[in-house]
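Please walk through the aromatic contacts, a pocket and several loop residues of the protein shown here.

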Amino acid sequence: MKTGRIILGLCAAAAFIAATASCESNGKTESLHTGDLVFVGIPTDYSIESGSMDEAIASSTGEAEGLNLIHVAIAEVEGDSTWIIDATVRHGVDRHPLDTFLTDFTLKDGSYPEFIIKRLKDDKEASAYVENAKKFIGQPYDVHFLPENDSMYCSELVRDSYIGKDGSYVFESAPMNFKDADGEFPLYWRQLFALIGSPIPQGIEGTNPSEMSKSTALRDVKVKLTE
């Protein structure tokens, strides 16, 4: 995805046992840690139902090949339980068990998207960042995709939570882009912003999961979220 392209996430009692699920990576077993980021990726050629938020996201963020990263979430591990803190249309900013997250992002054919796990290279403040994220729980999903409006979209939540004690941000912001590969605004965005009576926030400073996933502050970890 090109710099500044926005990919926002959409959108059960027992937590999924993914906290202990793991896989081998160069002989080293890794498990999910508090503060890890879970990126959700779908194939660029995945067929998405007309008129959905997913379709608009895919249109405005498509790569020539590979995956569209449509969402990013924060993991929290407590004993044998794994929780997700994220911002979605369905829940707003919320903390819920991992199995709820997996259900929300199950694809139309019943399969799962790609889950890409990233960990801070320096994660000594990871727990503090998660506690920061909890302060936003209850805020609505940001359909305007604007900063400082008491609502959040997925990568905005991560950026505003991962802030050092000195006030510095771990993740950079970038101008947002809602246009498709042909330079046009998809119908969904035109209808949405007409409905809410706001101009499309093209070029407004913001964040997106794809660019966030490329941050030099992160490293890849191999963790199996599903059985």
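**Aromatic rings and their surroundings**

Tyr141, Phe145, Tyr153, Phe178, Trp189 and Phe193 are joined into a cluster by ring pairs. Rings of Phe, Tyr and Trp (its six-membered ring) pair if their centres lie within 6.5 Å; planes under 30 degrees apart count as stacked, over 60 as edge-to-face and the rest as tilted. The model is predicted, so local features need pLDDT of at least 70 and side-chain atom pairs count only at pLDDT 80 or more, while totals for chains, interfaces and linings use all residues. Residues are numbered from 1 along each chain as its sequence is written, and side-chain values use heavy atoms, with hydrogens and water left out.

The ring rule gives 13 aromatic pairs. One of them is formed by phenylalanine 101 and phenylalanine 105, which is tilted because the ring centres are 5.1 Å apart and the planes stand at 50°. Phenylalanine 101 is buried, at a relative accessible area of 0%, and phenylalanine 105 is buried as well, at 6%. Here buried means under 20% relative accessible area, exposed over 50%, and partly exposed in between (1.4 Å probe, protein chains only).

Tryptophan 189 and phenylalanine 193 also make a tilted pair, since their ring centres are 6.3 Å apart and their planes are at 35°. These residues are 4 apart in helix H5 (residues 187-195), so about one helical turn separates them. Helices (H or I, at least four residues) and strands (E, at least two) are DSSP runs, numbered from the N terminus. Tryptophan 189 and phenylalanine 193 are both buried.

Two arginines are placed over aromatic rings. A charge sits over a ring if NZ of Lys or CZ of Arg is within 6 Å of the ring centre and within 35 degrees of the ring normal. Arginine 95 lies over the face of tryptophan 83, 4.2 Å from the ring centre. In the other case, the charged end of arginine 159 is over the ring of tyrosine 169, at 3.8 Å from its centre.

What are the residues closest to the centre of the second largest pocket? This pocket holds about 190 Å³ of space. It is lined by 13 residues, and Pro147, Glu156, Arg159, Asp160 and Glu205 are the closest to its centre. Helix H4 (154-161) and strand S9 (205-206) are the elements that give two or more residues to the lining, and H4 provides the largest share, 3 residues. Sorted by class, the lining of the second largest pocket has 5 nonpolar, 3 polar and 5 charged residues. In this sorting, Ala, Val, Leu, Ile, Met, Phe, Trp, Tyr, Cys and Pro count as nonpolar, Asp, Glu, Lys and Arg as charged, and the others, Gly among them, as polar.

On a 1 Å grid over the protein atoms alone, a pocket is an open set of points where a 1.4 Å probe fits, with protein on both sides within 12 Å along at least five of seven lines; lining residues have an atom within 4 Å of a point. Grid points are joined across faces, edges and corners, and the volume is the space filled by probe spheres set on the points.

The loop between H3 and H4 holds phenylalanine 145, a member of the ring cluster. Its phi is near 55°, a positive value in a residue other than glycine. Most residues other than glycine have a negative phi. Phenylalanine 145 counts as buried because its relative accessibility is 0%. Glutamate 148 is placed in the loop between H3 and H4 too, and its phi is likewise positive, near 55°. Glutamate 148, however, is exposed, at 82% relative accessibility.

Aspartate 150 lies in the loop between helix H3 (126-134) and H4 and is exposed at 64%.

The protein chain has 6 helices and 10 strands, and buried residues make up 48% of its 227 residues.
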